[in-house]
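Please look over the sequence and the structure shown here, and keep both in view while reading. The paragraphs that follow lead from one part of the chain to another.

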Amino acid sequence: MAAIVKLGRRDFLKAGALLGGGLVLGVYLPSGGARGAEEAAKAAPPDPNAWTRIGADDFVTVVVHHSEMGQGVCTSLPMLVAEELEVEWSRVRFEAAPVAAVYNHFWWGMQGTGGSTSIPSSWEPLRRVGAAARTMLVSAAAAQWGVPAAECRAEGGRVRHPASGREARYGALAEEASRLPVPADVALKDPKDFRLIGKPLPRLDTPAKVGGTAVFGIDAVQPGMLTAVVVRPPTFGGKVRSLEAEGARAIPGVRLVAPVPSGVAVVAEGFHAALAGRDALRVEWEPGPEAELSSEGLRQRYAGLARAPGAVSRKSGEPAEALARGAVKLEAEYEVPFLAHATMEPLNCAVDLRADRCEIWTGTQFQTADRNAAAAAAGLPPESVRLHTLLLGGGFGRRANPASDFVVEAVHVAKAAQAPVKVVWTREDDTRGGYFRPFWYDRLSAALDAEGRPVAWHHRIVGQSILAGTPFEAHMVKGGVDETSVEGAADLPYAIPNVLVELHSPRLPVPVLWWRSVGHSHTAFVVECFLDELAAAAGKDPYEFRRALLADHPRHRGVLELAAERAGWGAPPAPGRSRGIAVHKSFGSYVAQVAEVSVDGQGRIRVHRVVCAVDCGHVVNPDTVAAQMEGGIVFGLSAALHGEITFDQGRVRQANFDDYPLVRFSGSPDVEVHLVPSREPPSGVGEPGVPPIAPAVANAVFAATGKRLRRLPLTPQRVREAQPG
C-alpha cells in the first residue's frame, strides 16, 4: 500500500500556487501493473495524493490520467470521484496527469488511452478513490469534534454531525485528513443513491474550448522555440540518395537543414519559413524495394490468398459438410480499403532537449511508450524525460503508435537543431507518410436449409496484422491469428451451427495501425452485409431474420429491437427512401443502427436519418454516450461513403480533404440515439458507434436499388456499376 503523501510548508506553498491556493488532499492508488477490472476492484484501497486535491476554497481537482481527445474523459472520470466524494459538481475541476506509474491505465500497466477502455477500466478504482477521500474527511471531522465517525455524514462538500449540528467544509478538513491512515476498505454507494452518475452533466472542458484558452499540442510554444517540417520518402522504405539544400538555406528565417532518420528536417523561425524551405529542397530518393506497389496489385494478391486455407480462428460444427448439404448456397467477396486517420489537428510534437533532460509537449494516446521511446532516442534515462499531455484534436488511434514515430522524430530534430523545436506535420505529410487502417479482402460462403435457416458460415479474411512486430504481438497473436484482425467475425453471435473463420496476415511494407474500432471497422461491414444477403436469399425481412438468430443473445437483440422500433421498421419510410439495419458488439457494447437513405439517378447516396440504439452498461454521462455515438456515426459514414487510400508506383495517391473527404455538415444525417437502461458494468463508447453504420447504409442501398455493394467506399460509380444482388 502506498503511503500518504504529507506536504511540508514549502511543498504546500508550491502546490497551492499550482492549484490556485488551498490545502491538498490527494489519493494515491498503487499501479500494480496490468490487470483486469476485477483485480483492480480488489486492489488495495485508494491512498491519498495523486488523484484528488481539495483546496482551501473547497474546489476539488481530479487528476485525469487518460488523454482528452473529444471523448469526454475530463468530465466522466471526475464524475466517478465526485459521486463517491459527495461534492457538488460546480466545485469540481480537472487537470491532466503527468507521466508516472501511478497514472498507468488500470488494465494495461502503462499510461495510455484507447480501446474504449477509459470508463470501463476506471469505473471501480476511481470510485474507490472518492470513497476513500470521503472516509478520511469524515474521520478528520469526527476526531476534531470528539464524536464517533459513524455519527457523521458527508454531503455537498461538507461533513456534518446531525446530533450536535456541527459541520465543516472539506477545505477546512483536508490538511488534517491527509495525515490519517488510508482506510483498509471502503464501501461504494448503491447505484440507486447516485446523484451525479447517470446525469447529463455539462463538460468541464467546454468553457476553455469555447473561449479559446484550451491548449492543444499545436499550441505549444516555449521561449526560443523553432518550428520544423520534415520531408519524408515518397515511397515506403525509401532513402535519401542526394540532397541539395542551398535553396532552402536561402529562405529568410530558415536556420538549419539536417538529415534525420525519417528524412530531411528544415528548421526555421516559423512554420511558413520552414515550409518554404522544404519546398526549396532538392532531394533525390532511393525508392526502396516497394517502388512498384499498387492497389490493384495488392488486390490481386489478396484475392489469391482468399482462395487458400488460412490460420483457423474459429471452428464449430462441421462447416464443410454443412455447406455441401445446404439447400441454398451463397458466396461473396468483400473489400475494405486502406484508410487514413485524418485527425482535424495535424500531428505535432514540441521538444526541448538538453544535455541532462528533455521536455516534450504533445497530444498523445501513449504517454509511457512515447516517453520511453523519446528517452532512448535522446540517450537519456526515462526519468529525465518529462512529457506534458496536451489536448488532442482527434486521435482515432493515430496518436497511439507503439513506434512513437512522431515523438521520436521530434527528438531527433531537436537533437540536430540544438534548440527547442516543434515539428509540425502538414495534413499531406500524414495522409501520405503516416500509418493506415489495413486493406481487407474477405471471402465468404454460407448455406441455408430448405426452410431458409442458415446452417453453415465460412469466413476467410485477408489483411495485415497491426500487432506484428510490436510489443503486443507476443500476447495478442496466437497460432498465427491476430485477434484484432478477426474481432467481430470470430465471435459471430448468430445461431448458425457450423462456422469456420480463417485468417491470412500477409507481410507488407505499408505501416498499419489501429483505426477507430480497429478490426470491427471492417468485420461489421462484411458480416452484416453478408447476413443481409442470407436474409434476402431466404425471402425474409432482414430485421426479423436477425432477431430470430439472436434468441440466445439478449443484449444484441435488445438494441436491435429498440433501434427497429424507434426507426419505425415495418412501416413504410418517407417516399423515395429505404432503410437498412445492422447490429454489432464491440468493446463490450452493443449497438444497432437503422439508416434511412435515398439513391439518385447518378448513384449518389444521401443518408437522411440514422436511428441508433446502444447498450453500454451503466451510463455515467448520457450526453457523452450520445455524443460518442453521433461522432462515431459521422466518422464511420465518412469512411463508408468517401474513405479510400490507394497506391500507385509505391506512392499514396491521396493528400488532403479535397481527395480524402469527410462528411460535411450538409451531408450529415439526423441522428437519434437511444440508450438501453442497464445495471451492467460500463463498457466502451468511443468506438462502438462506428462499425454498424457502413453495413446499415449498404443494406439500405440494396433495399433501394436491389444492388449489393461489397466494396467500400460506396461511391456513385460503384453504385452505378453494381449488379443486382
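**A walk through the predicted model**

Pro-713 has its place in the loop between α20 and α21 (716-721), where helices (H or I, at least four residues) and strands (E, at least two) are DSSP runs, numbered from the N terminus. The peptide bond that joins Leu-712 to Pro-713 is cis, with omega at about 0°. This is a predicted model, in which local features need pLDDT of at least 70 and side-chain atom pairs count only at pLDDT 80 or more, while totals for chains, interfaces and linings use all residues. Residues are numbered from 1 along each chain as its sequence is written, and side-chain values use heavy atoms, with hydrogens and water left out.

A search of the whole structure finds 5 cavities of 30 Å³ or more; on a 1 Å grid over the protein atoms alone, a cavity is a set of points where a 1.4 Å probe fits but cannot get out, and lining residues have an atom within 4 Å of a point. The largest cavity holds about 90 Å³ of space, a volume being the space filled by probe spheres set on the grid points, which are joined across faces, edges and corners. Its lining is made of 14 residues, and those nearest the centre are Ser-521, Gly-636, Ala-639, Ala-694 and Leu-712. By kind, the lining of the largest cavity divides into 10 nonpolar, 3 polar and 1 charged, where Ala, Val, Leu, Ile, Met, Phe, Trp, Tyr, Cys and Pro count as nonpolar, Asp, Glu, Lys and Arg as charged, and the others, Gly among them, as polar.

Turn next to a set of strands. Why can strand β10 (residues 263-268) be called largely enclosed by the rest of the structure? The reason is that 6 of the 6 residues of β10 are buried, and buried means under 20% relative accessible area, with exposed over 50% and partly exposed in between (1.4 Å probe, protein chains only). Strand β9 (residues 254-260) pairs with β10 in the antiparallel sense over 6 bridges, two strands being paired if DSSP finds at least two bridges between them. A hairpin of 2 residues joins β9 to β10. Strand β7 (residues 226-231) pairs with β10 as well, again in the antiparallel sense, over 5 bridges. Ala-268 of β10 stands opposite Thr-227, and Ala-268 is also the bridge partner of Val-254.

Charged side chains make further links. A salt bridge is a side-chain nitrogen of Lys or Arg within 4 Å of a carboxyl oxygen of Asp or Glu, and by this rule the count comes to 53 salt bridges. One of them joins the side chains of Lys-189 and Glu-86, at 3.1 Å from N to O. Lys-189 lies in the loop between α5 (170-178) and α6 (206-211) and Glu-86 in the loop between α3 (73-85) and β3 (92-96), so this pair ties together parts that are 103 residues apart in sequence. Both Lys-189 and Glu-86 are buried, and Glu-86 has a phi near 65°, a positive value in a residue other than glycine. Another salt bridge joins Arg-443 and Glu-331, whose closest N and O atoms are 3.7 Å apart. This pair links distant parts of the chain, with Arg-443 in strand β18 (residues 440-448) and Glu-331 in strand β13 (residues 328-336), 112 residues apart. Arg-443 is partly exposed at 21% relative accessibility, whereas Glu-331 is exposed at 58%. Elsewhere, Arg-153, Glu-155, Arg-158, Arg-160 and Glu-167 are linked in a network of salt bridges.

How many disulfides does a search of the whole structure find? The search finds 0, a disulfide being a pair of cysteine sulfur atoms within 2.5 Å. The sulfur of Cys-349 is 8.3 Å from the closest cysteine sulfur, in Cys-358, which is too far for a bond. Cys-616 is likewise in no disulfide, and the nearest cysteine sulfur, that of Cys-612, is 9.9 Å away. Cys-349 counts as buried at 1% relative accessibility, and Cys-616 counts as buried at 3%.

Note on methods
On a 1 Å grid over the protein atoms alone, a cavity is a set of points where a 1.4 Å probe fits but cannot get out, and a pocket is an open set with protein on both sides within 12 Å along at least five of seven lines; lining residues have an atom within 4 Å of a point.
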